[in-house]
Amino acid sequence: MTVQGSAADVAQSASPGLKKNTIGAFGMTFMVIAAAAPMTAMASNLSISLALGVGAGTVGQLILVAGLLAIFAVGFVVLSRHVTNAGAYYVFIGYGLGKRTGAASAFVASVAYNMAAGGMIAATGYFASLTVESYTGLSVPWYVYGAVALVVTGLLGVRGVGIAQRFTTGISLIQFGIIIALGVAILLQRPEGWSLAAFSPSAAFNGNIAISLVFCVLSFAGFEATAIYGEEAKAARRSIKIATYSSLILLAAVFVFSTWSIVSAFDNVQSVALEDAGTLVFRTADMYLGPWSGGVLSTVVTVSFLAAAIAFHNMAARYLFALGRTGLLPKRLARTHSRFGTPYISSMVQIAISFVMLVPFVLTQADPIVNLFPAVSGITSLSLTSLMIGCCVSIIVASTRKLLPEGLWATIVAPAISGAGLLIIVIIIVMNYQAVTGSDSLVVALMPAIPAAAAIYGAIAYRRRHAADLEEHLKE
């Protein structure tokens, strides 16, 4: 039996709900890919791993991480057959561990996705400013472009996932095209560089394994997006399954190919990356595609950040919608647009949250990449990995309570393996938090207290709402 929005626990909204059948497996797949933003992952997470982690062994690490996430996906897909909700981890974790724990996890996810959305808007503005200046010489503050990105994101959020997924799919395909073009250029000009040694265990576990492991995991961020759109999906259970595995396979393929191509471009990629990890991809493109590629890559990175902003905005808005529907946040957030069937109030609130996040950086003229991105990367890495662990535990508990009829592998073994692996990664993130965030600021170090406080608030809010419901019931 499928439980939609934990029906017994969901407060009824005056709105008709999210519009059905607006997105299929194809669209869901590319919403996940947009959130992962392959070009930006290559220019940041994976370049850092090449420089400070295991170097060429990053290729093998990516395969290891993809394998771990594939095992996690087994249980994730099993739960998607039984629960469907716009706040996916809310009911996924609540299904086995109770609704109070589910409520706590929903607030953690909401904080993570809202911060990620704001961070991506800032990055879009920042790189748009650099790109325009490189082409025209015109220097315009990043927040002007950020404001435009905010408007575009808000309009697409209200308009619906149908148009948003077409937009993000187009941007994702452009990223794929650039990555393939660069890889082919390297293959044609330096075929001898393509060695299988990058896939060997000795390479994958030689160097700072912890840093590489964390940044490889971060490259797959947004993995939950498939289940978030369950209420709006065509043939939800089938679409979620197809999209979950398709997005994982596509991301793994593009990351492995692109990273292997960068490794193959140099005799010693780690020494080259150490010169400046942030420009590694651009320098490689200049060498193999020509000087013209710099501006093109900068443009692609800009639009990939915009696609990620749109993807994270939609995820954050649906969490706000789900929390409003259950009464844990104001019920007004659960209102849907009469024409588009979108959570338009939640979308507008999410845009307002992003605006409030960015205003201090505008007023103080602080660099959003240097000052905001460390906090975003730290919070999203800890929050999303912790939520995935919670999902694994929920599956095991639900199985022991006979709530899941599927076999031992899907409900016990796979969640146990992936949960243990993800727990190790969380411990590594905590132990290497300064390296993960790229900041030694005390403020950034204390930022994980925000999702922790959100979890506590969620549990308290659920308890209060449950007590109020019980009191109202007794009055009747």
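Guide: We go through a helix pair and then the cavities. The model is predicted: local features need pLDDT of at least 70 and side-chain atom pairs pLDDT 80 or more, while totals for chains, interfaces and linings use all residues. Residues are numbered from 1 along each chain as its sequence is written, and side-chain values use heavy atoms, without hydrogens and water.

Visitor: How do the axes of α6 and α15 cross?

Guide: Two packed helices are described by the angle and the distance between their axes. Here α6 (residues 99-136) and α15 (residues 293-326) have axes that come within 7 Å and cross at roughly 155°. Therefore α6 is roughly antiparallel to α15 (angles over 145 degrees count as such, from 0 to 180 between N-to-C directions of lines fitted to C-alpha atoms). Helices are DSSP runs of H or I, at least four residues, numbered from the N terminus.

Visitor: Where is space left inside, and how many cavities are there?

Guide: Rolling a probe the size of a water molecule over the atoms shows where empty space is left. A cavity is a set of points on a 1 Å grid where a 1.4 Å probe fits but cannot get out; lining residues have an atom within 4 Å of a point. The search finds 2 cavities of 30 Å³ or more. The largest cavity holds about 160 Å³, and α18 (373-400) gives the largest share of its lining, 5 residues.

Visitor: Which helix gives the most to the lining of the second largest cavity?

Guide: That is α8, with 3 residues. The space in this second largest cavity is about 60 Å³.

Terms used. Helices (H or I, at least four residues) and strands (E, at least two) are DSSP runs, numbered from the N terminus. Angles under 35 degrees count as roughly parallel, over 145 as roughly antiparallel, 65 to 115 as roughly perpendicular and the rest as oblique. On a 1 Å grid over the protein atoms alone, a cavity is a set of points where a 1.4 Å probe fits but cannot get out, and a pocket is an open set with protein on both sides within 12 Å along at least five of seven lines; lining residues have an atom within 4 Å of a point. Grid points are joined across faces, edges and corners, and a volume is the space filled by probe spheres set on the points.
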